[in-house]
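Visitor: Hi, I have just opened this one and would like a slow walk through it. Could you put it on the screen for both of us?

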Amino acid sequence: VNRYYNNPKYCTICGKIIAYEKRHRLTCSDRCYKITCGGLRQGSGTGKHGWYKGIYCDSSYELAYVIYNIDHKIEFKRNKKKYPYIGTDNKLHNYYPDFIEGKNLIEIKGYLTPDVFLKMSAIDDLPIKLLTHVEMLPYIKYVQETYNCKDITTLYES
């Protein structure tokens, strides 16, 4: 314990020293932790993420979608509206579909979980289009062939 206080860990929110018992956390308290929860967090997904022409992508599928739409002059934008839903854990969560294209929300998923359908059922104002692995194949193929690259994540801007 004494060695810990010679080189303590600090809360990423308020800067206070994190108690030894909570040293594995990034925040000092539940209050600070709640500040970091919820909302759209870049890089919070499991895919390779980065920027392409000023648009943040959370996965290679999103990157393929973005490149395809830019190249084909299809207007779209990142969705910022949240939709509350009750997850399979019976807790309240916020869902942010990935993009808006025309009058449709777009959700891109490499794999499906029961929560995906709970999230999508929370949408009550716009139609939502789900693009799974199968629907994303033409986008990926287009990017690979057009940009002559097998790993499209090499197209992320540094």
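Predicted model: local features only at pLDDT ≥ 70, side-chain atom pairs only at ≥ 80, totals over all residues.

Visitor: OK, and how many aromatic pairs does the count come to?
Guide: The count comes to eight aromatic pairs. One of them is formed by tyrosine 68 and tyrosine 139, an edge-to-face pair with 4.8 Å from centre to centre and 65 degrees between the planes. That pair links distant parts of the chain, since tyrosine 68 is in helix α3 and tyrosine 139 is in helix α5, 71 residues apart.

Visitor: And tyrosine 139, is that buried or exposed?
Guide: Tyrosine 139 is buried, with a relative accessible area of 14%.

Visitor: Which pair does tyrosine 68 form with tyrosine 142?
Guide: Tyrosine 68 and tyrosine 142 also form an edge-to-face pair, with the centres 5.3 Å apart and the planes at 80 degrees. Tyrosine 68 lies in helix α3 and tyrosine 142 in helix α5, so this pair ties together parts that are 74 residues apart in sequence. Tyrosine 142 itself is partly exposed, with a relative accessible area of 21%.

Visitor: Which residues do ring pairs link into a cluster?
Guide: The cluster linked by ring pairs consists of Tyr65, Tyr68, Phe76, Phe99, Tyr139 and Tyr142.

Visitor: Back to α5 then. Which of its residues are buried, and what do they pack against?
Guide: The buried residues of α5 are Met136, Tyr139, Ile140 and Val143, and they pack against α3 (60-71), β7 (104-108) and β8 (128-131). As a general point, an α-helix has 3.6 residues a turn, so residues three or four places apart point the same way.

Visitor: What span should α5 have?
Guide: With 14 residues at 1.5 Å a residue, α5 should span 20 Å, and its end C-alpha atoms are 20 Å apart, which agrees. After α5 comes asparagine 148, whose phi is positive, near 50 degrees.

Visitor: What about threonine 153, where does that lie?
Guide: Threonine 153 lies in the segment after α5 (133-146), and it is buried, with a relative accessible area of 13%. Its side chain is joined to that of aspartate 151 by a polar contact of 2.5 Å. Leaving aside residues up to four places away in sequence, threonine 153 touches Lys48, Ser60 and Leu63.

Visitor: Switching to strands: what order does the open sheet have?
Guide: The open sheet has four strands in the order β3-β6-β7-β8, with mixed pairing. Its edge strands are β3 (77-78) and β8, each of which pairs on one side only. β3 and strand β6 (residues 99-101) run antiparallel and are joined by two bridges, and the bridge partner of arginine 78 is phenylalanine 99 in β6.

Visitor: Which strands do α3 and α5 lie across?
Guide: Helix α3 lies across β3, β6, β7 and β8, running at about 30 degrees to β6, whereas α5 lies across β7 and β8, running at about 75 degrees to β8.

Visitor: Last one: what do β4 and β5 form?
Guide: They form a hairpin with five residues between them, and asparagine 90 in the turn has a positive phi of about 65 degrees. Strand β4 (residues 83-86) pairs with strand β5 (residues 92-95) in the antiparallel sense over four bridges, and tyrosine 85 stands opposite histidine 93 in β5.

Terms used. Residues numbered from 1 in each chain as written. Heavy atoms only, no water. Buried < 20%, exposed > 50% of the residue type's maximum accessible area, 1.4 Å probe, protein only. Polar contact = N/O pair within 3.5 Å; in protein donor to acceptor, adjacent residues only side chain to side chain. Contact = heavy atoms within 4.5 Å. Expected span 1.5 Å × (residues − 1). Phe/Tyr/Trp six-rings, centres within 6.5 Å; stacked < 30°, edge-to-face > 60°. Pairing = 2+ DSSP bridges. Axes fitted to C-alpha atoms, helices over the stretch in contact; angles between N-to-C directions.
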